[in-house]
Amino acid sequence: MTPTSDCSRRLEHAVHYSLLVGLVLSGLLLAGGLAAAWLSPAPARPIQPQALLKTVDDALGGNAGALMNLGILTLMATPIVRVIILACGWLTDRQWRMAAVALAVLVLLGVSLLLGLG
Amino acid sequence: MSETTQILATLGAGLGTGVLGAVLGTGGGVFLVPLLVLALGLPMHYAVATSIVTVIATSSAVASTNVERGTANMRLGMTLEVATTVGAISGGLTAALIAPRPLEGIFALVLVPTAVLMWKGRAAESSAGGRSSASDPVNSPPADAQERARQSDSVEIGFLGAQYQDAAEGGLVAYRVERLPAALGIAFVAGNLSGLLGIGGGVFKVPALHLVSNVPMKAAAATSNFMIGVTAVASAALYYGRGQIEAVVTSSAVLGVLAGSALGSVINQYVGGRAVRRLFAVLLAAVAAQMMYRAWAGGNA
């Protein structure tokens with residue numbers, strides 16, 4: 001196995017596990033939030049963006065909306081983490097062209113986050 | 001509608017969408033958005049936002065498996081993601097400028113070709129490829145699988161091409177990506193539709209990658225799915241920022257779709273024939289007609 005194909009295998013494993021962990025974590029948060037909402041019903045409301053630390057704090061307190069909000073944010077972060085892993089992996093493997101492409105995607109995602117949440 | 005009823009109804013909608021997506025080989029958005037709008041009365045923009053978040057979930061689940069199997073081409077996927085992300089951002093921004101009913105009309109217009117592609121099925125996509133020849137080892141018929149596997153060894157895969165093991169194809173399948181600029185253009189349009197309408201866009205991207213860029217169907221489907229998560233995040237952030245993601249509905253839909261996808265992959269072994277696919281193609285066309293009528297009537301329907 002060549003060093004590059006070895007790197008590709010490692011990257012595939014890392015991406016596989018990052019997607020799986022993100023999915024399971026967000027699923028648990030969403031299920032927890034729904035259970036909390038079901039136990040203490042309140043009118044459904046759209047999520048209003050707020051500081052991440054406050055969301056985490058509220059979620060730790062068992063707030064249904066905050067748990068679901070955190071679950072959705074975790075789900076949204078999952079593909080972004082996957083891009084970061086690939087960018088770092090390709091940089092480490094000195095695959096400059098692919099690393100540059102991954103960084104370009106990250107910049108575009110940053111623009112989207114700025115437009116949406118900024 | 002009480003919150004319990006809303007949770008159960010959306011879970012059911014997500015479950016049905018997930019099953020249909022797995023059985024029919026489409027993304028769930030084309031079913032979920034009309035269900036949320038027509039059956040549950042959710043405003044169009046909220047339905048699109050909910051669908052986009054479910055797309056992230058299904059993409060992550062499926063891509064996780066495909067990446068491990070080596071069928072998803074991460075280099076090609078990342079390259080095309082530049083175009084899909086730009087498309088998704090522009091689609092998400094455009095959606096904010098369009099009123100709900102005209103947006104329903106645009107969605108209905110996109111449902112029509114989707115229904116046609118679903119009616120024709122994969123056979124049409126493969127036959128439309130029409131490039132099976134000795135000089136094209138990638139698209140040779142399965143009967144020549146061993147010969148094709150032997151020829152794959154000599155394929156020059158280039159910078160974005162890849163190879164993967166496929167028992168059904170008789171071993172190693174290698175391919176070279178052709179006409180990248182055209183693929184980038186198609187990826188931009190698919191990303192734009194995703195951001196605007198909350199669909200994954202795989203129904204257009206997969207045949208295009210196969211026909212235009214010579215990527216084998218299995219790799220095209222896996223790579224398209226790999227891309228969809230990042231594409232969806234780009235526009236989901238815009239909907240999130242506008243406060244158009246409703247927590248209970250979205251959470252229920254995501255969990256329902258994930259459970260439905262898992263259930264659908266089991267059901268898929270027993271059903272999923274041409275008749276089922278065509279039945280839902282007709283259903284999709286009927287939904288398109290109803291959404292078009294609502295858009296045309298401007299809220300009086």
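Chain B contains eleven helices and two strands. The model is a predicted one. Read from the N terminus, the elements of chain B follow the order α-α-α-α-α-α-β-β-α-α-α-α-α. Chain B has 301 residues, of which 57% count as buried. Among contacts in chain B with a separation of 6 or more, 76% join residues 24 or more positions apart.

The next topic is the contact between the chains. Chain A contributes 45 residues to the contact, and chain B contributes 45 residues. On the side of chain A that touches chain B, at least two residues come from each of helix H1 (3-39), helix H3 (64-92) and helix H4 (96-117) of chain A. H1(A) gives the most to that side, with 14 residues. By class, the side of chain A that touches chain B has 33 nonpolar residues, eleven polar and one charged.

One helix pair across this contact can be followed in detail. The axis of H4(A) and the axis of helix H4 (residues 74-95) of chain B come within 9 Å and cross at roughly 25°. Angles under 35 degrees count as roughly parallel, and H4(A) and H4(B) are therefore roughly parallel to each other. The crossing in which H4(A) passes H4(B) is left-handed. From H4(A), the residues making the contact are A:Met98, A:Val101, A:Ala102, A:Ala104, A:Val105, A:Leu108, A:Leu109, A:Val111 and A:Ser112. From H4(B), they are B:Arg75, B:Met78, B:Thr79, B:Glu81, B:Val82, B:Thr85, B:Val86 and B:Ile89. The contact of H4(A) with H4(B) divides into twelve nonpolar, three polar and two charged residues.

Two loop residues remain, and backbone geometry is the topic here. Most residues other than glycine have a negative phi. A:Arg94, which is not a glycine, has a positive phi of about 60°. This residue lies in the chain A loop between H3 and H4. A:Arg94 has 10 C-beta neighbours inside 10 Å; a residue with 12 or fewer is exposed, so A:Arg94 counts as exposed.

B:Asn214 also is not a glycine and has a positive phi, of about 70°. Its place is in the loop of chain B between helix H8 (202-213) and helix H9 (217-241). The limit for a buried residue is 20 or more C-beta atoms within 10 Å. B:Asn214 has 20 C-beta neighbours inside 10 Å and therefore counts as buried.

Conventions:
Residues are numbered from 1 along each chain as its sequence is written. Chains are lettered from A and ligands numbered from 1 in the order in which they are written. This is a predicted model: local features need pLDDT of at least 70, side-chain atom pairs count only at pLDDT 80 or more; totals for chains, interfaces and linings use all residues. Two residues are in contact if their C-beta atoms, placed from the backbone, lie within 7 Å. Helices (H or I, at least four residues) and strands (E, at least two) are DSSP runs, numbered from the N terminus. Ala, Val, Leu, Ile, Met, Phe, Trp, Tyr, Cys and Pro count as nonpolar, Asp, Glu, Lys and Arg as charged, and the others, Gly among them, as polar. Axes are lines fitted to C-alpha atoms, for helices over the stretch in contact, and angles run from 0 to 180 degrees between N-to-C directions. Angles under 35 degrees count as roughly parallel, over 145 as roughly antiparallel, 65 to 115 as roughly perpendicular and the rest as oblique. A crossing is left-handed if the near helix is turned anticlockwise from the far one by less than a right angle, and right-handed if clockwise.
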